[in-house]
Amino acid sequence: MLTVKNLSFSYSKKPFITCMNFHVERGEIFGFLGPSGAGKTTLQKILTGLITTYDGSVKLDGIECKEHDNHFYENIGVDFEYSTMYEKLTARQNLEFFSSLYAKQTVKIDEILADIGLQNDADKKVSDYSKGMKSRLNFLKALLHDPNILFLDEPTSGLDPANSQLMKDMILQQKAKGKTIFLTTHNMADATELCDRVAFIVNGGIKALDSPHNLIMRKGAAKVLYTYYDKHERLGECLLSQISEDNVLANLMKENRILSIHSSEPTLNDIFIEVTGRTLQ
Ligand SMILES: Nc1ncnc2c1ncn2[C@@H]1O[C@H](COP(=O)(O)OP(=O)(O)OP(=O)(O)O)[C@@H](O)[C@H]1O
Ligand SMILES: [Mg+2]
């Protein structure tokens, strides 16, 4: 679906993205993870044909992004980082206007407003929407023409837990329909939950690229840590994968001497810090 070969781009004379290469399969949810200023939105602008002054090749569904015509946008949906709605119009008027720009049949506006919980606010002006409501409406704009490829820039940013879950469920519904989804986020938990593969982006470069599971496994296996009583409190540990073979632990459990037990799995955040030396914030 996407092939990036020797991509280089800079806003100034100083190189920013240099010789980037990667490939994304049809139907994947692919995540760009990186701290602020890493180049995630820049990359999304290149992939969506908004920045055309790059070197190298970026082919989306067989089309070189910098050579796209307007038909290109019939097949992709973009949820921009910031609200792109007309504030003086209502949500419904905005969605009707943006629907009218597409040549193809668009989805039913009342249905998608209900899917994301905005059915009772459809006739409210966007200027009266909260940040989270605008963020959900912006996402709907990307779905209007039922595109095969979605670009979502920080889709869960600023949402409360219930709306964040609603958004994630809708993203997974799109994946179930066979859509290819590009997602940028600072949120490692969302990336682990949603993405088939993720790229760690720092300073305009990819520092690692794999499935969240494989990246987490790089750090080593999950451990079980326990405390037990032996005259005074002591600490023990074993690998989670070898817990059934650990006779010391088995005997402590039989003798009822375990005081506490918990497992510790590395998270994608731990791996990000290890690989890039940076935190996500
Ligand atoms: N139009 C522009 N002109 C010049 N520099 C720019 C422009 N847009 C972005 N930059 C710079 O490019 C770098 C990458 O910005 P970008 O918006 O791609 O980061 P990001 O990873 O999306 O960050 P965030 O997580 O904060 O959204 C930053 O140093 C930014 O200042
Ligand atoms: Mg950004």
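## About the model

This is a predicted model, in which local features need pLDDT of at least 70 and side-chain atom pairs count only at pLDDT 80 or more, while totals for chains, interfaces and linings use all residues. Residues are numbered from 1 along each chain as its sequence is written, and chains are lettered from A and ligands numbered from 1 in the order in which they are written.

## The sheet and its helix

Let's start with an open sheet of three strands, ordered 12-11-13 and paired antiparallel. Strand 12 (232-239) and strand 13 (258-264) each have a single partner strand, so one side of each lacks a neighbour in the sheet. On average, neighbouring strands here are turned by 20° against each other, direction ignored. Helix 8 (residues 247-254) packs on the sheet and touches strand 11, strand 12 and strand 13; its direction makes about 135° with that of strand 12.

Strand 11 (residues 223-230) joins strand 13 through six antiparallel bridges. Here, strands (E, at least two residues) and helices (H or I, at least four) are DSSP runs numbered from the N terminus, and two strands pair if DSSP finds at least two bridges between them. Axes are lines fitted to C-alpha atoms, for helices over the stretch in contact, with angles from 0 to 180 degrees between N-to-C directions.

## Isoleucine 243

Isoleucine 243 sits in the loop between strand 12 and helix 8. Leaving aside neighbours within four places in sequence, isoleucine 243 is in contact (C-beta atoms, placed from the backbone, within 7 Å) with Val224, Cys238 and Leu249.

Terms used
Two residues are in contact if their C-beta atoms, placed from the backbone, lie within 7 Å.
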